[in-house]
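The sequence and the coordinates are shown first.

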Amino acid sequence: MKTLVSSGTRRLRLRDYQEAAVQAVYEYGKPRPVLVAATGAGKTVIASKIAVDRLNRGPVLFLAHRDELLDQTLEKFAAVYDSFGEAGRRVTVGRIQAEEDDVAADFAVASIQTISHPERLSHWMAAHDTTPTLITDECHHARAASYMRVYEALGFLGDGVRDGALHLGLTATPYRADGAGLRKVFDGVAYAIGVMRLIEEGYLVPPKAVRLAIVEGLDEARPGGDWTDHELSGVVNTASVNERIVEAWKEHAQDRLTIAFCVSVEHAEALAAAFEAAGVKAATVTGAMPKDERRATLDAFSRGEVRVVCNYGVLTEGFDRPEVSCLIMARPTTSHGLYTQMVGRGLRLAPHVGKTDCLVLDVVGVTELHQLVTVDRLLTGADEAAPAAGMDGPLGIGGGGSSKVVPASKFRWVCVRDGVWLARDFAGRFVRVERLPGEVWQVAAGSWASARENARRADSGLEPVPTGVDVVYQGADAEMAWGYAATYARVHLQRRAVEEGAWWMDLPPTEKQVEALMRRGMLPPATRWEAMAMLTLPTPRQMSVLRRVFAQMRLPEAMLPDTMEEAAVLLDEAARLRRGDRAAFLGSYARALPHRVKLFAAGASAARDTADAVQSAV
């Protein structure tokens, strides 16, 4: 069990639809609402905000069915509590899983396999008179016997739910392949947001489907349900089909980190072997693998040591590797829910690896059966294809389904140097993403301009740019870091300066840009955006001189400038001071670039904390 203390800084900013989702849950009017949100929408962040708001009522129990979901939930709850909890208030968080039994925690994440055991459930109930807040992740599984046992014991079934109690269900796919609806467990959908809106707002990358005529005969929807593994295996898991899948991948996607969805364990192993035989590093992940072995394989995949992971029934839920930019759909399905889950594994943001889309290699024709238009369908036991708008009865949608779609808002990031990315507008405001040692991510938002630039602005009748910066995220979750970055880019920066598709970006460089580049010895590029990026970054000559200065004064490269303007300021200071006077240079650095000093200090602290945690674990 761990104790958290909230700083109450509110540095985390919820996206507009996340705030609307929280409000919709509160206004729903019934105790068992469901939040339907596509992969990447931040379901756990929304649920964590609701959990923080309800801690005064008593303990919060969060149910999940995979280890990875428990880990992610604890990290995201900690970030949300730090921002939205009462400043200085202490709460305890813990796990109920295997030998861990933190039933006294204020916020507990529980493996359903563990807490559904009668003895472990009785431990929780003995520690708490009531459970006023229950949250079920991936709640389309909620009709399983293990979940139903917990719901009945805690008083969340039937008409006798206590006044003020809340059971919140979270899912991206409110469908059950067995046709059993969720009406017995939940009252309805309070809020829903789909894939297309998230793509249009810049929080997911778009899928790009390439249909490959490798397997034939499975294009039509199978009446009465999805195909069985036995039906599929003989058609899909053949040596010739697997070889052709590898050939297609090498033609279309060999530079992309890839997940293959297979029809069986045997198929996953055979397809991985086919990739290995072709000289491609591949691995298999299945539910039968020991936890440590599976985690080691996925970590190697994240590092790029494994290029293709072939899986069966494991990576459709609770797996977040934003670097994935290709999916091999080698698992035919008539289930819209399963298909949406699979595609969702590749839509998360990852500008740090140059990801702009997700390539879906459809080797069995599945994309002809499914439209990635929305996942905002109602909870129902009826046919999955039934339109939500035509559903009658108490299971209605409470919000989000009719939300206005805003214009596309993907953002262009300038890579400053390895591990540092910057989005900057015309008014000196910026959002900065940095990958620190130990795979810690830091996101900051602020503004800065040199004294020279502010004097120029004053001469032009413009307001000076204030200096200031706030670290808005630190953590190991790359997907969460880029989600924060996209949120702050939307609310903090001038959209016309950083938004993909802005009218000026692909025009030829202006005369002033060309002149500025030529003065600095750089050839003009083809577009105005590229010229702007070149004039944002320090010049090669500036960096060459500053690297020598930093080496002489034994300063870390993490303190090198991000922009041409910062570099010019540092070079002026270096020329003014006595050569090698480290203390004087650091003093000048702190006065001239206070925002960078703050970011360096925050990053160094995070890196030390990570190193200490690793050392203690060893």
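Lys49 lies in helix α2 (residues 43-54); helices (H or I, at least four residues) and strands (E, at least two) are DSSP runs, numbered from the N terminus. This is a predicted model, in which local features need pLDDT of at least 70 and side-chain atom pairs count only at pLDDT 80 or more, whereas totals for chains, interfaces and linings use all residues. Residues are numbered from 1 along each chain as its sequence is written, and side-chain values use heavy atoms, with hydrogens and water left out.

Lys49 counts as buried because its relative accessibility is 14%; buried means under 20% relative accessible area, exposed over 50%, and partly exposed in between (1.4 Å probe, protein chains only). Leaving out residues up to four places away in sequence, Lys49 touches Leu14, Val22, Tyr26, Val80 and Phe84, where contact means heavy atoms within 4.5 Å. Lys598, in helix α21 (residues 594-617), counts as partly exposed, with 43% relative accessibility. With the same exclusion of residues up to four places away, Lys598 touches Val469 and Asp470. The C-alpha atoms of Lys598 and Val469 are separated by 7.7 Å, although the two residues are 129 apart along the chain.

## Overall composition

The protein contains 21 helices and 20 strands, and 56% of its 618 residues count as buried. Among contacts with a separation of 6 or more, 74% are between residues 24 or more positions apart. The accessible surface comes to about 26,200 Å², and carbon and sulfur atoms hold 51% of it; accessible areas come from the Shrake-Rupley method with a 1.4 Å probe.

## Nonpolar cores

A nonpolar core is a set of buried Ala, Val, Leu, Ile, Met, Phe, Trp, Tyr and Cys residues joined through side-chain atoms within 4.5 Å. The largest has 95 residues, of which Phe77, Leu315, Trp413 and Val443 touch the most other members. Helix α14 (residues 478-492) gives the most to this core, with nine residues. Apart from it lies another core, of 34 residues, including Ala444, Trp504, Phe550 and Leu555. Beyond its neighbours within four places in sequence, Trp413 is in contact with residues including Pro351, Trp421, Trp482 and Trp529.

Two strands pair if DSSP finds at least two bridges between them.

| Partner of β14 | Bridges | Direction |
|---|---|---|
| β11 (residues 258-261) | Four bridges | parallel |
| β15 (residues 358-362) | Three bridges | parallel |

Within these pairings, Ile328 is the bridge partner of Ala260, and Leu327 stands opposite Val360 in β15.

## Helices α3 and α16

Helix α3 (residues 67-84) is mostly covered, with 13 of its 18 residues buried. In helix α16 (residues 511-519), the buried residues are Gln513, Ala516 and Leu517. These buried residues fall within an arc of 95° seen down the axis of α16, so they line one face of the helix; the arc is that of the directions from the helix axis to the C-beta atoms. The face turned away from the buried side of α16 carries the exposed residues Glu511 and Arg519. The cover over the buried residues of α16 includes α17 (528-536). Just after α16, Gly521 takes a positive phi of about 75°.
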